[in-house]
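Thanks for coming. I will go through one structure today, starting with a single side chain and then moving out to the helices and sheets.

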Amino acid sequence: MTNINDIARLAGVSVSTVSRVLNNYKYVAKEKRESVLKVIEEMNYTPNKNAIDLIRGETRTIGVILPYNNNPAFDQILNGVLNKALENDYSITVLPSNYSKAKEVEYLQKLKSKLYDGIIITSRANDWETIIPYSDYGTIVSCEYTQHNEIGCSYMDRYSSYLEAFQLLKSKGHYAVAFTTARLESNSTKQMIDAYNEIFGELRPEYHISGCHCLEDGYKAAEQFLHLIERPTAIYANGDEVAGGIYLYAKSKQLKIPADLAIIGQENQPIGIGMGISTVDHQLTNIGEQACSLVIKKSKEKVKIPYRIVERESV
């Protein structure tokens, strides 16, 4: 089997020159490059990627820890990562975690084993004390803010966005306001509860439903909210698909939007655009693009992405 030493001997160049040609380095004399490429073609040589990676000191592969797929918000982040990776000739490996702490550590171990140049964490189960030691082995970038200097992040100010969304509802005359979240134990849920308490006072437990991810969850949440004795006059959903389910249930009960029920969703997704649902757009595709750029640059910067509120007929 032909190897890099054979190519060097037949082309009459050094092994390091063959290596530079295989890695497409610019600074190789034209005649030497042509000689190496001719031998490679004649010998039908296929370079060993792992060997090249070792020589080059990088894999040009980035791992993306994703709690689950088929989720519009995480799909938007991943789309941004893929856009930027394609622009820079990087490969992406999706690492599904289902919020398993053990799975996350398993993926971080792969960074230690040099299988990836860096890892993007879209959302995490482990605490930072568990994650940070792995930053010694490659670049780790978070899609949420972290004050730790070892970790770069591409993030938005969720707390301010929640405050602004709740304030918008209050300015429209709503005081009985309910909301949905994805995970009860997440930092974003804590921020939403804190923002709610700041705008409306102490949260009534029945005005918060967690575990909402899709249209069907929104439909069920609306059914539960709207059967309360003191039913809410407005609902802030943690995604436009969830908001779409709330909208469909309200319509099935002949409620008028927004006269009987105001609705705000999140992430400016097609279903919300089609239904005319107001939304808090955290610009997640941009979050993903910037996260990927940070890994490529091996940067530990903190990049803040602005959010925007898109007001439509539903409020």
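**A buried histidine, and what surrounds it**

His174 has a relative accessibility of 10%, so it counts as buried; buried here means under 20% relative accessible area, exposed means over 50%, and partly exposed is in between, with a 1.4 Å probe and protein chains only. Before I go on, this is a predicted model: local features need pLDDT of at least 70, side-chain atom pairs count only at pLDDT 80 or more, and totals for chains, interfaces and linings use all residues. Residues are numbered from 1 along each chain as its sequence is written, and side-chain values use heavy atoms, with hydrogens and water left out.

Back to the histidine. His174 sits in the loop between H8 and E6. Those labels are DSSP runs numbered from the N terminus, helices being H or I of at least four residues and strands E of at least two. The side chain of His174 makes a polar contact with the side chain of Thr233, at 2.8 Å. A polar contact is a pair of N or O atoms within 3.5 Å; within protein, one must be able to donate a hydrogen and the other to accept it, and residues adjacent in sequence count only if both atoms are side-chain atoms. Setting aside neighbours within four places in sequence, His174 is in contact with Leu169, Phe200, Thr233, Ala234 and Ala262, where contact means heavy atoms within 4.5 Å.

Now the helix before that loop. H8 covers residues 158-171, and Gly173, which follows H8, has a positive phi near 95°. Among the buried residues of H8 are Tyr162, Phe166 and Leu169. Their cover includes helix H9 (187-200) and strands E9 (262-266) and E10 (278-281).

Two strands pair if DSSP finds at least two bridges between them. E10 is also joined to E12 by 3 bridges, and these two run antiparallel, with Val280 opposite Ile309.

**The other sheet**

An open sheet is formed by 6 strands in the order E2-E1-E3-E4-E5-E11, with parallel pairing. E2 and E11 (302-304) are at the edges with a single partner strand each, so one side of each has no neighbour in the sheet.

E1 and E2 are joined by 6 bridges, and Ile62 stands opposite Ile92 in E2. The chain goes from E1 through H5 to E2 in a right-handed β-α-β crossover; right-handed means that, with the strands pointing away from the viewer, the path from the first strand over the helix to the second runs clockwise. On the E3 side, the bridge partner of Ile62 is Gly118.

H5 itself is residues 72-87. At its start, a side-chain oxygen of Asn71 reaches to within 3.1 Å of the backbone nitrogen of Ala73. Just after H5, Asp89 takes a positive phi of about 60°. H5 lies across E1, E2 and E3, at about 160° to E2; axes are lines fitted to C-alpha atoms, for helices over the stretch in contact, and angles run from 0 to 180 degrees between N-to-C directions.

Notes: The expected span of a helix is 1.5 Å times one less than its number of residues.
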